[in-house]
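Look at the sequence and the structure before reading on.

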Amino acid sequence: MTSALPFDDFRNLLAALPPADTAAETKVRALFAKADKPKGSLGRIEDIAAWLAAWSGRAPPAVTRPLVAIFAGNHGVTRHGISPRPVAATANAVELCAAGGAAVNQICIANDLGLKVFDLALHIPTADLTEEAALDERGCAATMAFGMEAIAGGTDLLCLGDLGVGNSTVAAALFAVLFGGRGADWVGPGSGADTAMQARKAEVVDAAIAFHGTSLRDPLEALRRVGGREFAAITGAILAARMQKIPVLLDGVAATAAAAVLHAANPAALEHCLLAGLSPEPAHIRAAERLGLRSLLDLGMSHGEGAGAALAAGLVKAAALTSSGMAAAVRG
């Protein structure tokens, strides 16, 4: 980071987001219009192809180096008994991915996707957000910068997912801060919380908001105070993708909460993003509506770990091939 304050560089990027390539988008829509088929008959496939063109600058679009990036973090707030799963489950899930045994591994194989899993200091959980900031500004900014490195090596479709015991509560806290309301308005069962545990989750969210008070008015401050490392890394990855004109697929409630931070800072910040799917978590549905994100899939998946984005990537790849193949036929 080069500025005096760690967040300043990100604020500068958010103030200078590159626009869509409207010429490429128009070209793709024109090619579909010329094809020998009823107008608009391919529905959202046409929209996906046009979106790809707009945010990659290629018409017709192509997806040749798709990547699923999963960020894993642990949270000090889990000490309040907000998850039925032990904190060790995060590291276990990372190890399962590394061994090739997770659901996302199989979906990546099926759709020919690259996969990276990032362990964000799992041995050092963030601070308990009900008593102090989850991260200091320098640590949060450094984690955002680390997330930006997800696109290092090159990709033309970035699929973002998360792993983290307790992070549905953290997501609820961010939603409550960014959209308003109390903990009870945003918490849900997560990985299987019963009614009593959901009540504790709501109490934790309310306590965090009360403790941090007016400091939460700034989106990046909210991220560091009531967020977590995987949330910070995902915001960085989304922002880096925008600067490099890489389309993004978001997966899960935590990735959506991270995206909401950027949207609060600049409402145009998610225009290069599509939502892979909706989880059964009630907050996810409401947040997606607030962000104007319509999901590509509705499979009732709450599994997380980027599996939904990996499935949606197959659909996006098909849309790109449909566009390019039909374009070739039109030219022929």
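Two rings of Phe, Tyr or Trp form a pair if their centres lie within 6.5 Å, where Trp counts by its six-membered ring. The model discussed here is predicted.

Q: Which residues do ring pairs link into a cluster?
A: A search of the whole structure finds five aromatic pairs. Ring pairs link three residues into a cluster, namely Phe-71, Phe-118 and Phe-146.

Q: Are the rings of Phe-71 and Phe-118 stacked, tilted or edge-to-face?
A: The ring centres of Phe-71 and Phe-118 are 4.8 Å apart, and the planes meet at 15°. Planes under 30 degrees apart count as stacked. The pair of Phe-71 and Phe-118 is therefore stacked.

Q: How many residues apart in sequence are the parts that Phe-71 and Phe-118 tie together?
A: Phe-71 belongs to strand S1 (residues 66-72), and Phe-118 belongs to strand S2 (residues 114-119). The pair therefore ties together parts whose separation in sequence is 47 residues.

Q: Is Phe-118 buried or exposed?
A: A residue is buried if its relative accessible area is under 20%. Phe-71 has 0% and counts as buried. Phe-118 has 15%, so Phe-118 is also buried.

Q: Are the rings of Phe-175 and Trp-186 stacked, tilted or edge-to-face?
A: Their centres are 5.4 Å apart, with the planes at 40°. Stacked needs under 30 degrees and edge-to-face needs over 60. The pair of Phe-175 and Trp-186 is therefore tilted.

Q: In which helix is Trp-186?
A: Phe-175 is in helix H7 (residues 167-179).

Q: Which residue has its charged end over the ring of Trp-186?
A: Trp-186 is buried, at 1% relative accessible area. A charged end sits over the ring of Trp-186, 4.0 Å from the ring centre, and this end is that of Arg-286.

Q: How many disulfides does the structure hold?
A: A disulfide needs two cysteine sulfur atoms within 2.5 Å. For Cys-97, the nearest cysteine sulfur is that of Cys-108, 8.8 Å away. For Cys-273, the nearest is that of Cys-159, 11 Å away. The number of disulfides in the structure is zero.

Q: Which residues does Thr-143 touch, leaving out those up to four places away in sequence?
A: Thr-143 is part of helix H6 (residues 137-148). Its relative accessible area is 9%, so Thr-143 is buried. Beyond four places in sequence, Thr-143 touches Arg-229, Ala-232 and Ala-233.

Methods
Residues are numbered from 1 along each chain as its sequence is written. This is a predicted model: local features need pLDDT of at least 70, side-chain atom pairs count only at pLDDT 80 or more; totals for chains, interfaces and linings use all residues. Side-chain values use heavy atoms; hydrogens and water are left out. Helices (H or I, at least four residues) and strands (E, at least two) are DSSP runs, numbered from the N terminus. Buried means under 20% relative accessible area, exposed over 50%, partly exposed in between (1.4 Å probe, protein chains only). Contact means heavy atoms within 4.5 Å. A charge sits over a ring if NZ of Lys or CZ of Arg is within 6 Å of the ring centre and within 35 degrees of the ring normal.
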